[in-house]
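Here is a short briefing on one protein model. Look over the sequence and the structure, then read on.

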Amino acid sequence: MQLITKKNYIPVVCIVYTCWVLFKLISEEFVYHMKDTHYVSNLIWAFILVALGIALLGLSALCSEWPLWLIILMQYGILLAVVMGSTWIEGHFTELASTAYRDEFRSVSIPFAVIAVIYYWKSYHELKKSNEILDELNGEKEE
């Protein structure tokens, strides 16, 4: 069973993006007490990363015969490579903060981990429910 499909891709991206932006706003205002000077570009970049992350999670159904740890590692590796590569490219055009790579790593790793845990937890429960239904149907056929 695939949780992310063509039909629900955009709504899932929008929901996750909204949660990510709310978390960003709340944490910057109340935890770190700082203002983002590149607000618009960071929000657009966040949307691109959310769309890519959700797409990578949705593609996990294509790799169903591979071990789950390998699928998650590949998804995270691709996302991290895109982020670090784009940061490296951006560094050729603008001056980056000394903590740019660490900040990018943190701002991508934490949300990806949370979203992946939720996604695979939900997938596990959907698969478990499907197996229970199949077991019930097989039990009825035998009688």
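**Briefing**

Glutamate 104 is found in helix H4 (residues 100-142); helices (H or I, at least four residues) and strands (E, at least two) are DSSP runs, numbered from the N terminus. This is a predicted model: local features need pLDDT of at least 70, side-chain atom pairs count only at pLDDT 80 or more, and totals for chains, interfaces and linings use all residues. Residues are numbered from 1 along each chain as its sequence is written, and side-chain values use heavy atoms, with hydrogens and water left out.

**Glutamate 104**

- Glutamate 104 counts as buried because its relative accessibility is 17%; buried means under 20% relative accessible area, exposed over 50%, partly exposed in between (1.4 Å probe, protein chains only).
- Glutamate 104 is in contact with Trp45, Val83, Met84 and Thr87, leaving aside its neighbours within four places in sequence; contact means heavy atoms within 4.5 Å.
- Two of these partners, Val83 and Thr87, are on the list of buried residues in H3.

**Leucine 57**

- Leucine 57 is found in helix H2.
- Its relative accessible area is 1%, so leucine 57 is buried.
- Leucine 57 touches Ile4, Gln75, Phe112, Ile115, Ala116, Tyr119 and Tyr120, not counting residues up to four places away in sequence.
- Alanine 116 lies 59 residues from leucine 57 along the chain, yet their C-alpha atoms are separated by 7.4 Å.

**Helices**

- The protein has 4 helices and 0 strands.
- Its pattern along the sequence is α-α-α-α.
- The expected span of a helix is 1.5 Å times one less than its number of residues.
- Helix H1 (residues 9-31) has 23 residues and should span 33 Å; its end C-alpha atoms are 31 Å apart, which agrees.
- Helix H2 (residues 39-58) has 20 residues and should span 28 Å, and its end C-alpha atoms are 28 Å apart, in agreement.
- Helix H3 (residues 68-90) has 23 residues; the span should be 33 Å, and the end C-alpha atoms are 33 Å apart, which agrees.

**Buried positions**

- In H1, the buried residues are Val13, Val16, Tyr17, Trp20, Val21, Lys24, Ser27 and Glu28.
- H2 buries residues including Leu43, Ala46, Leu49, Val50, Ile54 and Leu57.
- H3 has Ile71, Gln75, Leu79, Leu80, Val83 and Thr87 buried.
- Across the protein, buried residues make up 27% of the 143 residues.

**Overall shape and surface**

- The C-alpha trace spans about 70 × 30 × 25 Å along its principal axes.
- Of the contacts with a separation of 6 or more, 69% are between residues 24 or more positions apart.
- The protein exposes about 10300 Å², and carbon and sulfur atoms supply 70% of it; accessible areas come from the Shrake-Rupley method with a 1.4 Å probe, and for residues only the protein chains shown count as cover.
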